Amino acid sequence: MMASDYLYHSNFWRENPEESNPFAANACYCSGYDVYGQILRKASWFEYLMLMLKGERPLKTEAILLETLAIALANPGPRDASVRAAMNAGIAGTNHSSALMAALAVGAGQYGGAQEISICMRLWEECNQDFDLWVTRLFSPEEDERADIWLPMEHAPGFDPNGESTPKPVLQTLDYLVSLAPSNGALAWLKQKRPAFEEKVGYPLAMSGVAAAALVDLGLDKDQGSLLYLLLRLPGAAVHSLEQKHLGWKKFPFYGPAIELTDDSGPGPASDLEKDLI
């Protein structure tokens, strides 16, 4: 079989095989650009990422907006459920892929996760900048969702049902992203309407709501946006997992000061309650 007989189909990627080895590429092209001859030398990581996602060379302003969003999302911190899942994997001493898969699995959900991003971006497509429609749809956002996978949303997507006020990092991120985004875009409108939204919803804007608006301003669809959101949050999960592997289970964060973790590998003395039950 000739090397030219090994065919595949992709709208954005093309490879020319090595003459001596059809399983190795001689040249790779992303949407017409020579990856190792042009992109490697001239493009930034975020320009390349946008090229892969959208199939066209991004504007410098788009690459900067994406890079800034990536910084904001890079480490959700140990309060985030996906990061804590990775930390648990680190404590268990599993391989690193398990820690990342744990973070992805937990971070794919509807509370601050990729599914919430997907729903928010679908609402942006549906509601655009119609405030009244937004208020209606935020409390009934389900539409064509897989009932066997996703339960009904229990909160307005893009907002934090456990919050009392908007966290400072959310406000700082929104303010700075607005300065990088189109003046008539989703981020600018969200900043303008945030107080009114929070009054109607009853709880504050979350980082997921800011991220969804930024991804809309970047011209991404809900599938591209939710996948990118998963990817951009992995660095923090990875590093916290590595750190917790060395710290061990006795130093897992946010246990109350009165709780002392002890080794439960063997039987210990019975508690007063247990003695009453014996």
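The model is a predicted one, in which local features need pLDDT of at least 70 and side-chain atom pairs count only at pLDDT 80 or more, whereas totals for chains, interfaces and linings use all residues. Residues are numbered from 1 along each chain as its sequence is written, and side-chain values use heavy atoms, with hydrogens and water left out.

The chain contains 13 helices and three strands, where helices (H or I, at least four residues) and strands (E, at least two) are DSSP runs numbered from the N terminus. Of its 278 residues, 40% count as buried, that is, they have under 20% relative accessible area with a 1.4 Å probe and protein chains only. Among contacts (heavy atoms within 4.5 Å) with a separation of 6 or more, 59% join residues 24 or more positions apart.

Rolling a probe the size of a water molecule over the atoms shows where empty space is left. On a 1 Å grid over the protein atoms alone, a cavity is a set of points where a 1.4 Å probe fits but cannot get out, while a pocket is an open set with protein on both sides within 12 Å along at least five of seven lines; lining residues have an atom within 4 Å of a point. Grid points are joined across faces, edges and corners, and a volume is the space filled by probe spheres set on the points.

Three cavities of 30 Å³ or more were found in the whole structure. The largest cavity holds about 90 Å³, and its lining includes Trp-124, Trp-134, Phe-159 and Phe-197. Two or more lining residues come from each of helix 6 (114–127), helix 7 (131–138) and helix 9 (186–201). This lining has nine nonpolar, two polar and no charged residues, with Ala, Val, Leu, Ile, Met, Phe, Trp, Tyr, Cys and Pro counted as nonpolar, Asp, Glu, Lys and Arg as charged, and the others, Gly among them, as polar.

The second largest cavity, of about 50 Å³, has Ser-82, Leu-104 and Arg-233 among its lining residues, and at least two residues are supplied by each of helix 5 (96–106) and helix 12 (234–247).

The largest pocket has a volume of about 740 Å³. Of the 27 residues that line this pocket, Pro-76, Asp-80, Asp-160, Met-207 and Arg-233 lie nearest its centre, and the lining divides into 14 nonpolar, eight polar and five charged residues.

Technical notes
Buried means under 20% relative accessible area, exposed over 50%, partly exposed in between (1.4 Å probe, protein chains only).
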